[in-house]
Amino acid sequence: PLAAGTVMLGLGYVAVGNAPSLPLFMLAQGLLVGVGSAAAYTPLVASVSLWFTRHRGIAIAICASGNTLAGTVWPTVLQHFFDTIGWRKTFVALGLFCLATMPPLILALRRSAPVRDHGRAAAAPGAGSVAALSLAPARLHMLLVIAGVMCCLAMSVPQVHLVGYARDLGYGVTRGAEMLSLMLGASLLSRVAFGWSADRIGGVANLLLGSTMQAAALLLYAFFDSLDALYAISALFGFVQSGIIPSYAIIVREYFPAREAATRLAPIAVANFAGMSLGAWMAGAIFDLTGSYHAAFLNGVLWNAVNIAIVAWLLLRVLQRTATIAPDAAHLPPRRPLPGR
């Protein structure tokens, strides 16, 4: 999947740079760049989740940090070349760069990952399995898909519109690109911290923590628009939203069999991207109707609240189930040790 995605991504950027019309530009972005970039996340994260048990949260967080590292570096780099050589040449050069650098890295991923739990959830029913939620696997999966759409509806508003928002306020696109880089840089720094917390409080609680903090940070965008405030809020938003997307992969590995890791994660990743796409379009439409991004930010907060409600309900079921199992386990007779153990 990574090799095929690399070819599509590289050729897609070259096609975008040479697109003679807007429809062909959008077609190249969607069918080549979009599909090519999407082919990387799920195989990488699902694969790395099979290599770790004890420190799985940190491992997944580090793997998922590639997105935020790229988002930290590339906006200002691309903006520089947009201003100097034009966007067409920049896209062509970006495509050639992907084709030259990614294939050697892919060769390091050829070894198959071990599946440690042999197709069963690794944890005990009280700590992490579908039984801990008393939900059918299909129902839990659907709830995670819906939650993925809702959180990314909110997440997309500053990520996609921050540069335009800065320009609309009169600060210029360069300032907006700096804010975006700051946002994703802060996300990179905190992602490992959220992975560490997931190893201790679990994926569901980690997702609720990140989603709640994201809603609070997004609300600040609606009420503060000075230059200094936007820099500070962008850093805060990047820091608090960084634990959300990797938490879904952690939940999948906690509550579903290892052999289903990529299959279960893929629809959730699609839901995340769908939420990003829909949220970005919705925010733009709201701006066109109202002439202000403030209503777009408040709209994101409302969708984020739906995500919080779903995840809080799941966490409540986990806590209730754990409280039920723990007293029962206390009355079990002690296991007799095997000879020589």
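**View 1. A kink at W74 in helix α3.** Welcome to the bend in this predicted model: α3 kinks by about 35° at W74, shortly before the proline P75. The bend at a residue is the angle between axes fitted to the seven residues ending there and the seven starting there. Helices here are DSSP runs of H or I with at least four residues, numbered from the N terminus. Residues are numbered from 1 along each chain as its sequence is written, local features need pLDDT of at least 70 and side-chain atom pairs count only at pLDDT 80 or more, while totals for chains, interfaces and linings use all residues. Side-chain values rest on heavy atoms, with hydrogens and water left out.

**View 2. The span of α3 and what follows.** Covering residues 56-84, α3 has 29 residues and reaches 43 Å from its first C-alpha to its last. That is close to the 42 Å expected at 1.5 Å a residue, where the expected span is 1.5 Å times one less than the number of residues. Just after α3, G86 takes a positive phi of about 95°.

**View 3. The buried residues of α3.** Among the buried residues (under 20% relative accessible area, 1.4 Å probe, protein chains only) are R56, I60, T68 and Q79, along with the proline P75. Their cover includes α2 (22-49), α4 (87-106), α6 (173-201) and α9 (244-255).

View 4. Of its 341 residues, 45% count as buried. Among contacts (heavy atoms within 4.5 Å) between residues at least 6 apart in sequence, 79% join residues at least 24 apart.

Methods. Helix = DSSP H or I, 4+ residues; strand = E, 2+ residues; numbered from the N terminus. Buried < 20%, exposed > 50% of the residue type's maximum accessible area, 1.4 Å probe, protein only.
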